[in-house]
Amino acid sequence: MALDFAAAYDELNPDDDDYRFYAALADELEATRVIDLGCGTGTLTRLLASRGRAAVGIDPDPEMLRVARQRSGAADIDWRLGFSDRADTNSADFAVMSGHVAQVFREDDTWSLALQNLHRALVPDGTLTFESRNPAARAWEQWTRQATLRTLDTPEGHVEFWHETAWVSLPLVAYDTFTRNLRTGEEASNRDVLAFRDAPSLVLSLEKAGFSVSRQYGDWQRTPLVPDSREIILVAKRHAFRQPAADSRKRSGYPANPVI
Ligand SMILES: C[S@@+](CC[C@H](N)C(=O)[O-])C[C@H]1O[C@@H](n2cnc3c(N)ncnc32)[C@H](O)[C@@H]1O
């Protein structure tokens with residue numbers, strides 16, 4: 001194996017400004033029941049649960065959930081393998097998608113279905129929050145071997161890991177994740193496609209799903225969103241009833257959060 005990606009995920013993504021942002025927001029809103037959609041290895045889920053909240057972590061990748069379940073504090077969390085339709089109706093007052101999960105929904109219909117399912121899962125006035133990379137900041141231009149190369153010390157030996165942008169056809173961007181085991185010479189690569197929606201598109205999609213956007217930030221220090229902000233961080237309130245939507249069941253093929 002070139003790299004056990006799920007086991008290496010936390011090492012590849014050490015920054016926690018985003019987790020601290022979402023935890024502070026949940027504190028501020030006095031959230032008591034939370035859903036973390038696309039929870040991955042569950043670092044944020046555990047942080048949210050550590051403050052006495054009931055927490056549900058949902059993810060379609062069994063390997064990510066396997067790692068999540070092994071971490072300390074994991075026993076208190078309701079881990080669910082699957083998609084947004086695994087969220088129970090009226091079960092939460094705070095729902096979050098961190099680590100650019102919003103971008104794995106590359107088709108607008110799968111994105112809308114996820115928003116509708118989160119709307120159904122939230123109580124009236126419940127909060128949905130997530131971030132997406134701002135296309136105006138053109139993050140994909142930094143996804144080169146030179147800028148992203150890491151060498152990881154794994155049980156299988158030292159493994160090089162990097163990203164390279166493959167093509168750009170906005171709002172879609174394809175990138176490859178490469179790994180090379182320096183001991184065995186084994187190489188692997190995987191292509192994934194992310195959606196880079198701009199702020200007006202994201203706000204419109206939320207409104208169509210029955211949310212109103214209450215705050216828009218451009219970084220984790222709560223700087224207001226401006227046209228060239230690196231991130232689009234949105235906080236929205238559920239404001240109306242909608243019929244529940246069936247989940248698309250489409251997998252994103254997602255392997256790796258670009259780590260820059
Ligand atoms: C970059 S990781 C982010 C994990 C975690 N939220 C974090 O902040 O570290 C993206 C996660 O989205 C999950 N994912 C992919 N497609 C999904 C879908 N359709 N619905 C929900 N989650 C999905 C992946 O399995 C992966 O764990």
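In this predicted model, strand E8 (residues 172–181) runs antiparallel to E9, and the two are joined over nine bridges. Val173 faces Leu194 of E9 across this pairing. The two strands belong to an open sheet of four, ordered E6-E7-E8-E9, with antiparallel pairing. At its edges stand strand E6 (150–154) and E9; each has a single partner strand, so one side of each lacks a neighbour in the sheet. On average, neighbouring strands here are turned by 25° against each other, direction ignored. Helix H1 (residues 5–12) lies across E6 and strand E7 (157–169), at about 125° to E6.

Now for the aromatic rings. Searching the whole structure turns up 10 aromatic pairs. One of them joins Phe21 and Tyr22 edge-to-face, with 5.2 Å centre to centre and 85° between the planes. Both residues are tucked away: Phe21 is buried at a relative accessible area of 4%, and Tyr22 is buried at 0%. Another pair brings together Trp143 and Phe196, whose ring centres are 6.1 Å apart; their planes meet at 50°, so this pair counts as tilted. It ties together distant parts of the chain, 53 residues apart: Trp143 comes from the loop between strand E5 (122–133) and helix H6 (145–148), while Phe196 comes from the loop between E9 (187–195) and helix H7 (199–208). Trp143 and Phe196 are buried as well.

Ring pairs also link Phe21 and Tyr22 with Tyr217 and Trp220 into a cluster. Finally, a charge meets a ring at Trp162, where the charged end of Arg145 sits over the ring, 4.3 Å from its centre.

Notes:
Residues are numbered from 1 along each chain as its sequence is written. This is a predicted model: local features need pLDDT of at least 70, side-chain atom pairs count only at pLDDT 80 or more; totals for chains, interfaces and linings use all residues. Side-chain values use heavy atoms; hydrogens and water are left out. Rings of Phe, Tyr and Trp (its six-membered ring) pair if their centres lie within 6.5 Å; planes under 30 degrees apart count as stacked, over 60 as edge-to-face and the rest as tilted. Buried means under 20% relative accessible area, exposed over 50%, partly exposed in between (1.4 Å probe, protein chains only). A charge sits over a ring if NZ of Lys or CZ of Arg is within 6 Å of the ring centre and within 35 degrees of the ring normal. Two strands pair if DSSP finds at least two bridges between them. Axes are lines fitted to C-alpha atoms, for helices over the stretch in contact, and angles run from 0 to 180 degrees between N-to-C directions. Contact means heavy atoms within 4.5 Å.
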